[in-house]
Structures are given as structure tokens and as C-alpha cells.
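This report describes how charged side chains pair in a predicted model. The sequence and structure come first.

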Amino acid sequence: MTLNYKIKSNLIVFWCSSAVDENTAAATLLNDFLLDISKEQKVYFYGYHLPDKDEQEIIDPAVILAKAEVLLEPTKTFYHLSEAKVKVERFDCAYEATIYYFKDEVEWSEFLATSVIARPKKLIANGILSAHFSTTNQGADVWFESNKNYEQRVLQLFKDLSDLGCEIKQPFHLSYPNANS
């Protein structure tokens, strides 16, 4: 697995375009990282084309506080989680999946009522969204963005992944999945 990253003045980004499920130890590290940063955050999960039967493959049912589906578009499902206890190696159950880490002031109803999922970079810059983790192409591409508060944790994740044999690269050009979000 090759992980690419950029650390900018106000943003940390990492991404890879190889399936996380190929390296069980790396997937476990990533799961633990996502759970760790979810402490003291409001955690919301979005799944696109996530069948109910696969829900438990991705999310620990014990952490689901609420579930909502968009009435006019039943392919989108949203969850309010007490923590990000998920299995990223099973994100291939959904065509797309995203975990949002919000500050305490963002309520579940506000999250559902707005188009917040379309502007994560702007929300991170404004201090409302702490981080988000996404997969596309049924888990083939993974992508994480956060504010600089998570820099030390992200660097530790990189070290731990490198120790497992994952290649960590900082390319010159910033080109990663969903670069225009």
C-alpha cells in the first residue's frame, strides 16, 4: 500500500489508491486512528448505496445513535455515531462512505438539513469540521483531511504504517481523489 500526503499551513491530507483490505494490519491501524480522533467529537457517517444488510459490516451497531435516509434519494444513508468504531477494510460494501468529525456545536438535525457534505475544506478552514475520512470506488480510494490539530497523530500513523511496510510519499503535486472538494 502506498500512502501519499501533504501538510499545508492549515490542512493535512493523505490518500491512497490501493485497497486497504489487502493489508489487515494497516487496516487495523487506520481503524484505530479513526476511532482515536473521534473522541470528544460529533461523529456523522454517510454511506452511498449502503444496503442495510451490510451496515454491520462497516459500523459497530453499538455506536449508532441515529439513522436517517434521504426520502427523495433512498441511496443515501446517514448515521450519528457515538464514536468512529468502523472497519475501513469493509467500506467496499458502500459505493462511497465518509466519516465527518464535527465540533460539538453541530447538531444531528443541522447536519441532515444542510448540504454540509459538499464543502469539507471550507468547513475545516472555518473550524467547524475537524476532519473527514472518505472512500470512493467501493473502498479502492481512501482520503483523509483534517485541520493541523491532528498533525502529530497523523505523523505517528505514517510511522506505524511505514513500520508495516507501507510506502509513505510526499509528492510534489497535490493530486488525490476528490481534490476539488
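## Salt bridges

Arg-90 and Glu-57 meet through their side chains in a salt bridge, with 3.0 Å from N to O. The pair links distant parts of the chain, 33 residues apart: Arg-90 sits in the loop between strand S5 (76-81) and strand S6 (96-102), and Glu-57 belongs to helix H2. Arg-90 also forms a salt bridge with Asp-92, where the closest N and O atoms are 3.2 Å apart.

Another salt bridge joins the side chains of Glu-55 and Lys-67, at 3.2 Å from N to O. Glu-55 is part of helix H2 (residues 52-58) and Lys-67 is part of strand S4 (residues 64-69), so this pair ties together parts that are twelve residues apart in sequence. Glu-55 and Lys-67 also belong to a network of salt bridges that includes Asp-52 and Glu-69.

The relative accessibility of the paired residues is listed below.

| Residue | Relative accessibility | Class |
|---|---|---|
| Glu-55 | 13% | buried |
| Lys-67 | 36% | partly exposed |
| Glu-57 | 34% | partly exposed |
| Arg-90 | 27% | partly exposed |
| Asp-92 | 29% | partly exposed |

Glu-55 counts as buried because its 13% relative accessibility falls under the 20% cut-off. Its partner in the salt bridge, Lys-67, counts as partly exposed at 36%. For the bridge between Arg-90 and Glu-57, Arg-90 is partly exposed and Glu-57 is partly exposed as well.

In total, the structure holds 13 salt bridges; the pairs described here are among them.

Technical notes. Residues numbered from 1 in each chain as written. Predicted model: local features only at pLDDT ≥ 70, side-chain atom pairs only at ≥ 80, totals over all residues. Heavy atoms only, no water. Salt bridge = Lys/Arg side-chain N within 4 Å of Asp/Glu carboxyl O. Helix = DSSP H or I, 4+ residues; strand = E, 2+ residues; numbered from the N terminus. Buried < 20%, exposed > 50% of the residue type's maximum accessible area, 1.4 Å probe, protein only.
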